[in-house]
Amino acid sequence: MSDGDSMNFCLSDLVPPLRWSDAARITTLADRPGLPDAWWRTLPLHRVLAVLDAEALGDLLTELALGHWPAAAVGDVLPALHVLDPDEADDPQVAIALDRAGSWHGLLALSGRELADQPFVKARPVLTALFTAVFLRMFPEEAVPGAERDIEQDPEQDIEQDIEQDEAPEERPDEDLPSLIDAAFGDLDDQTWMVAQNRVFADEPSAPEQLAKLLAVPPAVIHDLEAALRDRLTRWLALPEAAPYAEHLARLTDTLGAAVPKARLVTAAEWHGRELRSLEVPAWRFVLATLPGHRLHGDWLVAGDIEDLRSRTRNLIASAERPPTVPQALEMIGSLGIRPDVARQWLESVPQLRAQKASEINPGINPEISPGTNADIDPEINPEINPEIDAEQPPDRQQDGQQDGQRGGLKDVALTRRCFRQPDGRWWLRVDVSGDHLDGGEVPLPSGFAAYVGLAPGEERMVRSAAGEVGLSWHARPALGSLKRILSEVSAEEGSHIFLTLSEEGMLRVRHLPAANGGDQTSRALRLVGYTAPGGTPEQAARVIATRVGLSGPADRPELLARLRERGDRDLLTLLG
C-alpha cells in the first residue's frame, strides 16, 4: 500500500460488493450527514475521511458486511486486507479470531456469518478493527477525525467548497474537463448509473429488456431512466458551467470533419482515454454521446449517414471524365468534408471502389481509382470451426465439451459452461484455480467464451491487465497465458475462483473469490455464479442464477435445471438438484 496522497479512488473501488449490489437502497450508506449522494462511488476516500474518521468508516463497513453481505468472505468485502500485515490489526479480538482461524488467510476466508459462529469470537469488533486498520494504513494522515486536523474547519463545508471549485467554469483547461463532468454526474442513483453504463455511454448498448431483468424492474422503467438521463445531458450542456466542455465539442467537431476512424476521437485529447470516475466509462464515450451530428458506424465516426457519404464518394469518382489517379481522388473527396490525413483510409473503406495498378493501364501512369462492382471484392472465406475439448478436463467435462459442439454452443456464450452474465451486462468466465494455474500454467478457455471476447481460431494477441500484458491465443485450443502474477497479487489458493472478462477497451478484468468454506448449498451455488450478497430464499436464488445463465423472462426451476444441464454446469446442478 502506498501513501494516501497519491490515491484518488472511492470506497467502492476498495469494496467490490458495493459494485455488485444495489447500494442506493442501503439506507446506512445514504443517510450520512456531510456526504453527498452516491458518495461511496464518487467522492475520493481522503475526502470521505474528512467527515468519517477511519474507525467510523470501519464501523460502517462492518455494519454493511454483517447486515447486507453476511455470506461474503471478509477478504472479499475488503480485498486490501490480503496485503495488510496482521500486526497492524493489533486488537485483542482480532488475536482471538486469528487463533481460531489458524492463519491470516484462513481468517479472511471466513464470512461474517461464519465469524460470528466461532466460539469466543465477537464478529463486530473483529471486523471493525480489521477494516479500520486498512484505512489507517492507506491514509495515515487523513484517517483521523477532522477536528484533530484543524479545529477551525468544518469538514462538511470543506467538501462543499471542493465540489464548488470542481464546478467552477472560468479558465478551465481541457485536462480539467473530466472533473467538470464528474461534478455534474456524480450523484446518479444506481439504476440511472447502470443505464448510463449499459445504454447511453455503451459501445454496444444492452437491450432494455436485458437490463430490466438484471435490475428486476419493468422495461418501461429503463426507457424512462434513459430518456431522463438524455434530457439531463441536454440541459447540462446549456448551463453556463458547462461552457468549457461545449467549447471543446465545437473545436472537436471542426477537427473531425465528415468522417474519421474511431481511434481519432479516442486520441483527439489526452483525457479522452481516461475513465470518468462518476460513470466508470472512458471519457471518449461521453464525448461521443454529446457530439452534435456525429455518430459511430463500426470503426468510423461520421457526420450524418455513412451509407449516404459512401454513395456520394462513389458518385464523385464515377462522375470524373476518366478514372482519377489516387492523388486526384484524395483531393476530390476533400469537397465532401473528408480531412486529408484520413482521406486514403476513407477511400480504402468504401465498398465498390478499387485501385487499378499502373501496369493494368499504361506503364508509367499513376494507379487509378475506378468504381467497381461486388465482383471486384474478394469474398470472405470463413474456415469451418471445429469444437475443441480441453485435454486437462476430467472425462465428464470432456463429454460436456463434445455436447457443446453437437448443440452448436461453440459461439453462444449463454450456452457455455461456467460463463455468467454479471450486473455490468458482460459475460464473465469462472476459472476454478488449480495448482497448475498457480505455477504459471496457461488457462484453457471454452470456445464459446473465446468467441465472445473476439478471439478467432489461429489468432493470438496480447491483452492488458492490472498486472501487465497477458497472452490470448487459439491454436490447438483457446487459452489465456499465465496468470501467476495476478493470482499471487490477489492471494488466490487452489480451489478458489477467479472471474474473467475483457472490457470493451480490451482490458482483462479479474475478480477473485476465495473458496467457500461451509455455508448452505444455495449460498455456495450463488457463489459459483459470482453472487456474494445474501441470496434470500431458494426461489430468489434460482431467479438470480437464471438471469446469470441468460434465461429471459420468468424462469421456473425445471427450466433453470434444464439450462444448466444443457450448458454442462454439473457443479451447480449438484448443489441445486
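How do strand β11 and strand β12 pair, and over how many bridges? They pair in the antiparallel sense, over six bridges. β11 covers residues 460-465 and β12 covers residues 468-474. Two strands count as paired if DSSP finds at least two bridges between them. Strands are DSSP runs of E with at least two residues, helices are runs of H or I with at least four, and both are numbered from the N terminus.

A word on the source. This is a predicted model, where local features need pLDDT of at least 70 and side-chain atom pairs count only at pLDDT 80 or more, while totals for chains, interfaces and linings use all residues. Residues are numbered from 1 along each chain as its sequence is written, and side-chain values use heavy atoms, with hydrogens and water left out.

Back to the strands. A hairpin of two residues joins β11 to β12. S465 stands opposite G468. V463 stands opposite V470. Next comes β13, residues 478-480, which pairs with β12 in the antiparallel sense over three bridges. That is a hairpin too, with three residues between the strands. Here W474 has P478 as its bridge partner.

What about cavities? The whole structure holds four of 30 Å³ or more. A cavity is a set of points, on a 1 Å grid over the protein atoms alone, where a 1.4 Å probe fits but cannot get out; lining residues have an atom within 4 Å of a point. Points are joined across faces, edges and corners, and volume is the space filled by probe spheres set on them. The second largest cavity has about 60 Å³. Its lining includes V463, L472, L480 and L500. β14 gives the most to that lining, three residues.

Last, the core. A nonpolar core is a set of buried Ala, Val, Leu, Ile, Met, Phe, Trp, Tyr and Cys residues joined through side-chain atoms within 4.5 Å. Buried means under 20% relative accessible area, exposed over 50%, partly exposed in between, with a 1.4 Å probe and protein chains only. The largest core has 57 residues. F286 is among the members that touch the most others. Beyond its neighbours within four places in sequence, F286 contacts residues including W236, Y245 and L279. Contact means heavy atoms within 4.5 Å. A second, separate core has 50 residues, L29 and F131 among them.

Note on methods:
1 Å grid on protein atoms, 1.4 Å probe; cavity = no way out; pocket = protein on both sides within 12 Å on 5 of 7 lines; lining within 4 Å.
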